[in-house]
Amino acid sequence: MGIAVVKLVIVNPNYIPMDFRGGGGSSGGDLHDGGSDSHRRRKRYHRHTAHQIQSLEAMFKECQHPDEKTRNQLSRELNLNPRQIKFWFQNRRTQMKAQHERSDNCVLRSENDKIRCENIAMRQALENIICPSCGTTSISDDPYFDEQKLRIENAHLKEELDRISGIASKYIGRPIQQLPPLQPIHVSSLDLSMSSNNNNNFRGTSLGLDLIHGNNSSGLMTNLPLNAPTAGISDIDKSLMADVAANATDELIRLLQGNEPPLWTKSDAAGRETLDLESYERLFRGSYGRLKNPNARIEASRDSGVVIMSGMALVGMFMDSNKWMELFPTIVSRARTIEVISSGMMGSHSGTLQLMYEELQVLSALVPTRQVYFLRFCQQIDQGTWAIVDVSYDVPHQESPFSSAHKLPSGCLIQDMPNGYSKVTWVEHWEIEDKAPIHHLYRELIHSGLAFGAERWLSTLQRICERFACSMVSGNSTRDLGGVIPSAEGKRSMIGLAQRMVNIFCSCINPCNGQQWTTISGQAEYEVRAALHKSMDLGQPNGVILSAAATVWLPIAPQIVFNFFRDERTRPQWDVMSNQNPVQEIAHIANGSHPGNCISVLRGFNSSQNNTLILQESCMDSSGSTVVYCPIDLQAVNIAMSGEDTSYIPILPSGFTISPDGRDAGGAASASTSNGSSSAAAGSLMTVVFQILVSNLPNARMTPESVTTVNNLIGNTVRQIKSALNVSGDDGR
């Protein structure tokens with residue numbers, strides 16, 4: 001392997017051409033001087049004074065890319081021409097870049113030397129191989145084979161180096177082998193003086209397929225319970241798992257494809273399909289499908305639709321627990337593959353069987369997560385058709401303190417369609433024994449099967465796949481970008497930043513590592529719950545963060561509530577932190593066909609914080625909607641719009657989740673309640689979530705002052721929302 005050589009050009013930033021000096025120091029007579037060329041050339045340079053250099057260095061530490069206003073101010077203070085200031089900063093950035101490149105050269109040279117030594121050691125080892133049977137030296141008759149082995153091993157070493165560099169880049173904020181300047185040189189043309197810019201950007205996902213480009217996934221926790229099994233599954237257990245998966249696959253395919261006898265019935269006017277339990281019992285009596293607990297309630301639903309994603313791509317993401325989490329951030333709060341029981345056929349996921357763990361969530365602090373250990377099995381049924389089967393597998397001493405959730409054969413059937421589309425038929429089948437009462441606000445929604453049903457899974461998959469398809473659009477339409485985001489790379493970087501914001505928001509609603517919500521105030525209309533956690537993740541502020549949430553029922557359709565939150569014109573009516581100042585959308589990226597699925601950059605009018613913007617993402621599907629936002633400084637937005645890595649930009653999102661209250665589920669809801677409340681008018685369940693950095697100290701605790709602050713913040717927000725939507729204070733459930 002050759003050694004990379006970088007030619008370094010060191011520029012002294014303290015030398016400025018005389019052509020650009022301001023004030024005196026050069027007379028017109030120099031132009032007519034009869035001296036030599038070398039004499040004139042020496043007089044064309046000017047060395048700054050120590051005071052000027054000290055002031056410029058201090059400003060460079062604060063901002064490496066000063067704007068014109070700052071340069072003019074420096075020129076007046078230091079008695080220099082603005083162009084001298086500009087050239088000094090250019091030269092200083094070039095000098096810093098050269099220093100980094102020289103350091104990187106040393107790192108690469110060291111790695112090359114290490115690999116060369118390892119190759120020499122391996123070559124010597126190959127020359128002195130001792131046969132374990134006879135004890136003699138084995139001499140290779142094929143030197144070409146030895147060379148190929150060295151090449152393969154060398155390639156493995158390179159891959160290992162790239163992997164370690166990738167891990168290190170998450171902590172230093174940039175790839176270790178590229179090492180660009182610490183701050184981006186090319187800054188996007190985000191003009192804060194623009195009067196109006198309501199653009200329709202067609203932007204897609206942040207699924208980078210992992211799934212976000214440059215994603216740190218700091219918001220996606222994969223923690224398992226402390227006593228979770230991680231290894232040591234015996235061959236007998238593996239054989240039993242294979243039998244369970246085979247039986248579950250047979251049952252699921254019959255549930256997905258067949259309807260004789262009529263297993264599925266239309267439950268309401270919306271045409272939702274629910275399982276006929278009597279037909280199910282007759283058809284699967286004695287099989288795995290027989291119910292284990294006669295006192296438990298059953299949730300079973302089926303839905304189908306078209307997805308903008310090929311079948312093979314979907315299968316690959318479903319069988320990867322990390323991508324599974326990123327596909328469903330609003331549903332899957334944590335997931336992990338514990339062990340791969342069978343790796344399947346070569347080059348295909350067909351036949352793959354793995355033991356997994358996941359926690360499923362409703363985006364509210366009032367609903368505990370649904371924890372389950374399950375087997376996931378992939379089988380290719382036909383050319384272009386796959387079945388993904390999930391079924392619970394009992395793991396000793398692993399039970400949820402809130403509910404006993406047992407997943408009966410569930411999953412989906414994926415069928416390829418032309419032009420990269422797929423038809424997905426989804427079945428969710430649960431046996432639930434609640435160990436604690438369900439909160440009255442969510443009783444209808446959960447009992448109707450909408451909270452964890454097939455419709456929610458499929459609608460979320462359709463929205464995320466549509467988002468990913470939009471991100472693959474290579475064209476940079478002027479109408480879409482409006483001139484604010486200068487390139488497709490900047491567009492993808494903004495989408496990745498927004499997706500990370502949504503992931504962090506979803507993960508904060510269900511704290512990890514055994515943390516639980518604490519009720520800090522209870523009122524007739526709502527209760528405020530809070531949780532403290534220490535953040536040390538890259539991409540989030542370091543310190544102790546207080547998360548607070550409250551859920552309120554509103555007698556208004558979810559679509560109306562969602563439109564109210566995502567419209568920047570109505571933001572002053574609910575954003576108590578904006579002091580009722582209006583905001584303006586200065587950048588817009590659409591990430592789906594629904595007009596509400598978009599990313600926006602907002603700027604407040606008459607704000608004292610001119611360098612602080614608001615990054616907001618809103619998304620909606622048939623199962624619910626979210627509006628997530630966070631303050632972000634202008635420099636960070638410029639970095640993202642320039643296409644740079646955004647994984648190290650600290651963000652602390654807050655927002656709202658809106659879901660139907662379950663009353664429109666018709667017969668399903670009324671069958672699960674005995675008080676007849678399902679006949680009332682349907683409404684929305686709105687959850688407001690705030691995150692506040694309490695302290696930079698790692699051992700800070702919740703104080704009465706912080707409790708009062710968050711109570712007032714949520715209380716004022718809820719009152720302003722109800723007032724704007726004309727909801728009286730006594731409307732509730």
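This is a predicted model: local features need pLDDT of at least 70, side-chain atom pairs count only at pLDDT 80 or more; totals for chains, interfaces and linings use all residues.
User: How many helices and strands does the protein have?

Analyst: The protein has 17 helices and 23 strands.

User: What share of the residues is buried?

Analyst: Of 733 residues, 49% count as buried. The accessible surface is about 34,800 Å². Carbon and sulfur atoms hold 51% of that surface.

User: How many disulfides does a search of the whole structure find?

Analyst: Start with the general idea. A disulfide covalently joins the sulfur atoms of two cysteines. Here the search finds zero.

User: Are Cys598 and Cys630 buried or exposed?

Analyst: Buried means under 20% relative accessible area. Cys598 has 6%, so it is buried. Cys630 has 0%, so it is buried too.

User: Which residues touch the most other members of the largest nonpolar core?

Analyst: That core has 48 residues. Leu314, Phe318, Phe328, Trp426 and Leu461 touch the most other members. Helix α11, residues 454–471, gives the most to this core: seven residues.

User: What is Leu314 in contact with, leaving aside neighbours within four places in sequence?

Analyst: Its contacts are Val307, Met309, Ile414, Ser422, Val424, Leu461 and Cys465.

User: Which residues does the second core include?

Analyst: This separate core has 36 residues, among them Met494, Ala549, Ile632 and Val637.

User: What share of contacts joins residues 24 or more positions apart?

Analyst: Among contacts with a separation of 6 or more, the share is 71%.

Definitions and conventions. Residues are numbered from 1 along each chain as its sequence is written. Side-chain values use heavy atoms; hydrogens and water are left out. A disulfide is a pair of cysteine sulfur atoms within 2.5 Å. Buried means under 20% relative accessible area, exposed over 50%, partly exposed in between (1.4 Å probe, protein chains only). Helices (H or I, at least four residues) and strands (E, at least two) are DSSP runs, numbered from the N terminus. Contact means heavy atoms within 4.5 Å. Accessible areas come from the Shrake-Rupley method with a 1.4 Å probe; for residues, only the protein chains shown count as cover. A nonpolar core is a set of buried Ala, Val, Leu, Ile, Met, Phe, Trp, Tyr and Cys residues joined through side-chain atoms within 4.5 Å.
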